[in-house]
Amino acid sequence: MTELLEILTSSQNILPEWILIIGILFLVVIISFQKDGSKWPYRFSFLLVLSYTFSASYYYENLPNEGIKLFGDLLILDKTSLFFKQLVALSTIVFLIHSRLFKYKFDGEIYFLVLCILLGLSFLAMTTNFLVIYVSIELVSISSYVLVATKNDKKNFEAAIKYLIFGATSSAIMLYGISLFYGIGHTLNFADSVFFKSIATNSALIIQIITFLFLAGLFFKIAAAPFQSWVPDVYEATSTPIISFLSFAPKAVGVLVVARVVQANFVNLNMVLLLIIFISLIVGNLAALWQTNLKRMLGYSGIAQAGFILIGVLKGPQTDFYGAFFYILTYLPITMGAFFLADLLKKQAGSDEMEDFKGIGQKNIFLGLNAVIIMMALVGLPPTVGFMAKLMVFSSIINMGEDMHSSAYYGLLIFGLLNAAISIYYYLKVPYFMLIKKSYNQPRYNPDFFLTVVLTYFSIALVVFFLYPDFGTEWVRKVLF
Amino acid sequence: MNPESIIFYNLFIYLVGFVLLLSLNNSVFKQLSGWISIVISVLGIIFSSSLQVPSTENFSISYNWLHLGDTHINFKILIDNQTYFMYILVQIIAFFVKLFSTKYLEHDDGINRYFAFLNLFVFSMLGLVLAGNLLQLYLFWELVGFCSYLLIGFWYTKKAANSAAIKAFLINRLGDAFLMVGIFILFLIYGNLDFDAFTPENLNKSAFGFPFLTIEGLQTLAVLMVFGGVAAKSAQLPLQIWLPDAMEGPTPASALIHAATMVVAGVFLLGRISPIITPDAGLVIALIGGLTSVLAAISAVFQYDIKKVLAYSTISQLGFMVAGMGMGAVGASFFHLTTHAFFKAGLFLCAGAIINYMHHEQDMRKMGNLLLKIPVVFYAYLICAASLIGLPFTSGFLSKDSLLNAAVAFGTKDGYTNIKILVPFMMGITSFLTSFYMVRQLVMVFFQRQESPVDKIISSTKRTFDGAIKSFQDILNADNESLGEEKVINFVRNLGVFDVSVLGLAICSTWFLFSSNPFSFEEVWFLEVFPKDETHFPWIPLAVGFLFIVALLISYNATYEELRRYYLGERKSGWQRNIFRMAKSHFYIDSFYKKTFFLLIKSNQSIDSQKYSNEIKTSTITKSLEISNFFQKIESNYVDKLIKKISTLVISLSEYSSKIDDKIVDGLVLKISFGLKNLGNNIRKSQSGQIQLYVLGMAIIILFIVLVKIIIF
């Protein structure tokens, strides 16, 4: 009887997810009974995401600080998970607006898949249970594979197959890690005290290796090396709004789960993370140097950015993941703005090749300025919020190096700064082509003033948050563990 | 508003005007710069009119500026009556001149530059007027000199304008050097540079150690040194030669700078230091002023260029004012300064209108008959000229009367055999000559040749008067169709920018602005606020009137004689010709300076031109002093060689450093960047698209990480 009651009360507490689940089912009905090209799936999903966002923001008025446990520790609902849910919902809204503004003729299934990803991420954001993590990641991953493949193009199929194979491999590795944990820990909840006691009898080396295997699936989601091979093809082949969404949402929640694992503190993960960070930074940056295609370049740069974000989740004596969460908050306007810019440039130049961007900024200086601001934010130069994010991440390393007396952190600091310097080259190549180089042929399409204005919202946000960071910092400070 | 902020805003808008107009260089708004400038002027006048100072007390604000040991020099704004009238005067005249210039320079390319300079000039002139100590005054003194330089050389492609600008600048530098010495001596004896501090109590009687100079002697020396600066700025003997050449600038600029405002800065400075002018220094100043006025007036009689006549006339009137300052008649001198500013600016603007009408012909002999063609300018000219001569109903009558009155009082104070008697005597001569050359100019420019001018004036005046009466009657009768009203409307409609500005200045030259009684300077409000003499000689206006009638008769006949000769091509002969040439070139002062400096400066190597070198070989080499050659040798043999050595050393050093930079620093950077690129290329190539290899690679890296973990654990 108490179990039944528990399920009932718990069910009351996940209203946003209920809305989403029922809405998705209803969406399926709508898609089935509407003709092709109907606008109703879009409208309905927009409404759904909005109601999800509002319920996630306003339903939990009296949430205790330590959070509440639901369904017998399967889910844990705290402020951090709400913060990430809101961010993901926000990115979904941006995705919807983006696809609308550029008049993408998406089938209803696309919206269905995106909402499924949102549902998966929503559960992923509020769990410490291995099984829920696995199921959520699979929900997200499978939806993503199908999303990549929906374009009916040879390139898309190739990218989707690659994505699928890598995803499957990573899932397998992850499942292997989980099974080992279950074997030695006797429970599937890594935040549980039983788990903690049980694994304490084993060697730390074994635990570290098993944790690394378990995290493989998450690193795959956040596109950190060495699980990054799918990135360039998928980024290049997929429609820009979809990849804009995929570049942010899974990455954000993946980092949250990594942070939860680090927070549970059953093992010291720093060495593993440091290796991942080093590899991600060097691979992402150096491969991005050679790219001539803007979307591939953004894909590789996303690998490097993942490295920067992971710096924020390194465990120190007084870590609170402040740097990482703030970085993720700023990463939303930065990366989605960059993809918006990429789409706009494609609309004007006719392709994603940077060569074709020559002279666009001279024709439309407004667009050129926006490109400068967004790319500076990606590099992390003032006066954009990217600078604040990088500053906080790097200052967290300095604190850590002082506290733990390890030269590895200072090495990481120098290495990170060098990589940031390298990234200036390939990021600023875009505005360089747009503003400095003379175009040898006229841009094929007229500049779209309205879209440029929308893009300006992104760049204004980037600059304003640099000048008044209080809004972001206060928000993040409230939701720390 | 309090005076402080009024002054601040007032100066600020002129400065903003300067910068703004200068920045309009390639803009479509360039043509509007005149009107922008006028708006600035109007704003300035409105601002300054709200600056009301009680006439009994002075207002001053000081800011800390320089601290050198115990010495404090403040940045001080001083507003007393002397400042106040100059402050408004400068802006009003600047307004008329700007109004005039909008048409005069309509089609000039550099119109925005011209107006920008005008605004800078007004700014610096106001700064000069407001200066509360000598150092600050010196700063703005330099600035107005610089503006003058810029505006004389405004048409910089004209060679004459360029050399005139340089000449004016150099001579002013010479005067400034004197002024600087004067300031130093004053600082030595007073220990302070504020104008308020120049009082006998502050006199430091022990601070100097010159054995042969008494304190009074030193003070006289200081005043004379300051007067050296004044002589350059206000064109007094022996530094007056730059002013006639300065007429190469645009005519409205001449009106503002070289007639009405900048040149009187010297007189203004003398007024500022008037409490410390010793009797000896005063006598010297008065004599120099008188002599300058006579010589310049003589030269004015023989000029043919319409602007040169006015330029010499300006020098002559400045001589009047300086003499007045030397006599201690500060109020009369300032009064004359004010009236002179109006009528001389009016005359210059009229001359500008005439030159514009004649298509840039400045020779008066080729003019004539302009009376009917530009009547409005003629009447304005007539009023201003009458004012200059000193006829009743004009402001010039009042000011000249008061100045001559003071001069007679000064000259006869110590009996009739004193040297001081020369001053009123010379001023009398000048008055006569003034009438002479003004009548000559009027006749030459306006009247019909070989016709009685009196009839002409009478008939013309009568016609205008009749027309006015008729139109007035028509207006009364409300007869819209009638001819008379049409005439008035046409007259008003035909008034151009030129006419409006000259008429404005002509109206300002009449008596009613200054006094309620046109026949006596006793009631001039202007003199009430300055200390004045008690004695009053009622015979002076009569004497001046008598001189005018004599001059009118002689000049009228002589001018027709001159014109007749010009048409017939006759030349004067013998001594007459010599006198004529001497007076026309202003007593050879200019060429005397030229020759003197030529001797000192010229060296035989510095002339490239073949023609000159021949001339010099025969004439100047023998005369040139050895001293210059000697210096030149030292310069070329030692100084130049040393500099060359140093520069070659520096060049070779920099070559080394550039090699180091190229090879080592740049090479390193290039190596690193190429290395990074190659590495990136390899990483990119490793992803060749074969998915099995990818998965294998991933597995290997995972195993590698696990291995590393095991090793470093």
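In this predicted model, strand S1 (residues 59–68) of chain B lies largely in the open, because the number of buried residues among its ten is zero. S1(B) is paired with strand S2 (residues 71–79) of chain B in the antiparallel sense, over nine bridges. Within this pairing, B:Phe59 stands opposite B:Ile79 in S2(B). The two strands form a hairpin with two residues between them, and B:Gly69 in the turn has a positive phi of about 60 degrees.

The largest nonpolar core holds 190 residues, of which B:Ile93, B:Ala345 and B:Cys350 touch the most other members. Helix H13 (residues 330–357) of chain B supplies the largest share of this core, 16 residues. Leaving aside neighbours within four places in sequence, B:Ala345 is in contact with residues including B:Ile93, B:Phe96, B:Ala259 and B:Leu505. Another core, of 171 residues, lies apart from the largest one; among its members are A:Leu20, A:Phe95, A:Ile133 and A:Ala160.

Between the chains, 20 residues of chain A are in contact with 21 residues of chain B. On the chain A side, the elements that give two or more residues are helix H7 (154–185), helix H9 (204–221) and helix H12 (270–289). H12(A) provides the largest share, seven residues. The table divides the residues of chain A that touch chain B by kind.

| Kind of residue, chain A side | Number |
|---|---|
| Nonpolar | 16 residues |
| Polar | three residues |
| Charged | one residue |

Note on methods: Residues numbered from 1 in each chain as written. Chains lettered and ligands numbered in written order. Predicted model: local features only at pLDDT ≥ 70, side-chain atom pairs only at ≥ 80, totals over all residues. Contact = placed C-beta atoms within 7 Å. Helix = DSSP H or I, 4+ residues; strand = E, 2+ residues; numbered from the N terminus. Nonpolar A, V, L, I, M, F, W, Y, C, P; charged D, E, K, R; others polar. Buried ≥ 20, exposed ≤ 12 C-beta atoms within 10 Å, placed from the backbone. Pairing = 2+ DSSP bridges. Core = buried A, V, L, I, M, F, W, Y, C linked by C-beta atoms within 7 Å.
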